[in-house]
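Subject: Structure handover

Dear colleague,

Please find the structure below, followed by a short account of what was found in it.

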Amino acid sequence: MSLLMIEDNPKFQRLYSEVFGRQLQLDFYKDRIITAVDKENIYQGVRFCITFLYTAYVLEEPKIFEEYARWVYHLLRPLKPDKTKEQMYGMLTEHFQSIHDAMVLIMSDAECQKLDRLLTCAGRALAEEYRAEKCGIKQAHSEYKEKAEQYLAFLMKSDTKGAVSFLLECVNVGIPLSNVYVDIVAEAMRQVGELWHQHLITVDTEHYCTSVTQLAISQMYPIVFGQKERVSKKVLVACAGSELHELGARMIADLFEYRGWDSIYLGAAVPMDALLAALKEHAPYLVALSVTMPQHLIACKEMAEEIHRQYPQIKIAVGGNAFQSTNEIWKNWSVDVYTCDARALVEWAEHTL
């Protein structure tokens with residue numbers, strides 16, 4: 001995984017190296033021999049943590065690191081079945097303390113103040129998640145819960161034909177395409193991510209689910225591209241920076257096409273120069289940038305600013321799961337709108353533009 005601009009920041013490079021060394025000395029590693037595999041896993045875990053910390057630091061958005069704290073707590077729980085909830089909570093609290101102890105040796109007073117605020121917020125979020133798990137708090141489900149679970153069941157059985165046929169049947173019985181995409185497909189894939197997060201499926205299964213879903217929605221293209229009524233507007237859709245999760249962006253392009261727009265879909269990991277070249281060539285009315293992982297938010301912000309600087313007439317939309325880890329940070333960017341899903345963005349465009 002790329003460390004983004006951390007590679008150009010010597011202090012943060014020193015920070016993750018220092019924290020890695022301290023992690024090996026923490027109490028929860030002292031009761032067993034640390035293997036080479038263990039060391040690599042710990043090192044990668046620390047790099048991932050510092051990447052989120054750095055992203056929150058640069059964007060001055062504490063919620064990014066708060067959501068990381070919640071995420072990593074639930075990620076590690078199944079990996080440490082011998083640890084109680086209390087022990088896991090203590091383990092992560094000690095980890096955040098090791099970051100604090102390392103940063104005071106490396107960072108300036110002003111930098112430490114900013115980082116300390118992020119660590120404090122993350123510690124509070126971790127405590128909330130620990131208490132919520134003890135109380136058994138559960139999340140609400142989408143309107144098409146049963147349909148999403150049926151589709152997920154096909155994926156879990158590795159029934160490619162069944163999964164594809166099921167989504168086509170959903171459309172054939174009259175479920176609007178936007179609801180199929182957002183309430184069934186996106187919800188099922190969210191659950192796939194949760195299953196991976198809980199270590200109930202492996203990464204190869206998660207990749208299979210994504211590839212089958214891409215195949216399934218491609219079967220919708222006679223419907224997507226079969227609309228005769230056009231609106232003479234063009235949308236360009238891309239994943240910001242090195243973001244590789246492209247399913248959400250694909251859905252945006254499809255739903256705009258379905259509603260009569262001409263869509264230019266650039267896909268995953270679009271570099272800045274390629275995006276700007278595409279804007280010059282296609283002159284879209286709207287550009288939509290998708291970000292799934294929070295560490296790509298910095299690249300998204302930079303892209304939005306550069307688009308606005310060079311093409312102020314183009315409307316800019318952002319979206320993706322990464323923004324749920326922020327407190328509406330997009331409002332301080334050079335963008336026109338953020339929406340929670342593809343359907344909401346199309347609705348905004350039709351009513352606003």
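Helices (H or I, at least four residues) and strands (E, at least two) are DSSP runs, numbered from the N terminus. This is a predicted model, in which local features need pLDDT of at least 70 and side-chain atom pairs count only at pLDDT 80 or more, while totals for chains, interfaces and linings use all residues. Residues are numbered from 1 along each chain as its sequence is written, and side-chain values use heavy atoms, with hydrogens and water left out.

Helix α11 covers residues 247–258. Its 12 residues reach 16 Å from the first C-alpha to the last, close to the 16 Å expected at 1.5 Å a residue (1.5 Å times one less than the number of residues). Of these 12 residues, 10 are buried (under 20% relative accessible area, 1.4 Å probe, protein chains only); among them are L247, R250, D254 and F256. G260, with a positive phi near 100°, follows α11.

The axes of α9 (residues 203–218) and α11 come within 11 Å and cross at roughly 5° (lines fitted to C-alpha atoms over the stretch in contact, with angles from 0 to 180 degrees between N-to-C directions). The two helices are therefore roughly parallel (angles under 35 degrees). T213, Q214 and I217 in α9 meet L247, R250 and D254 in α11 (heavy atoms within 4.5 Å).

G267 lies in strand β2, residues 262–270, and counts as buried because its relative accessibility is 5%. G267 and C239 are 28 residues apart in sequence, yet 6.0 Å apart in space, C-alpha to C-alpha.

Kind regards

Note on methods. Buried < 20%, exposed > 50% of the residue type's maximum accessible area, 1.4 Å probe, protein only. Parallel < 35°, antiparallel > 145°, perpendicular 65-115°, else oblique.
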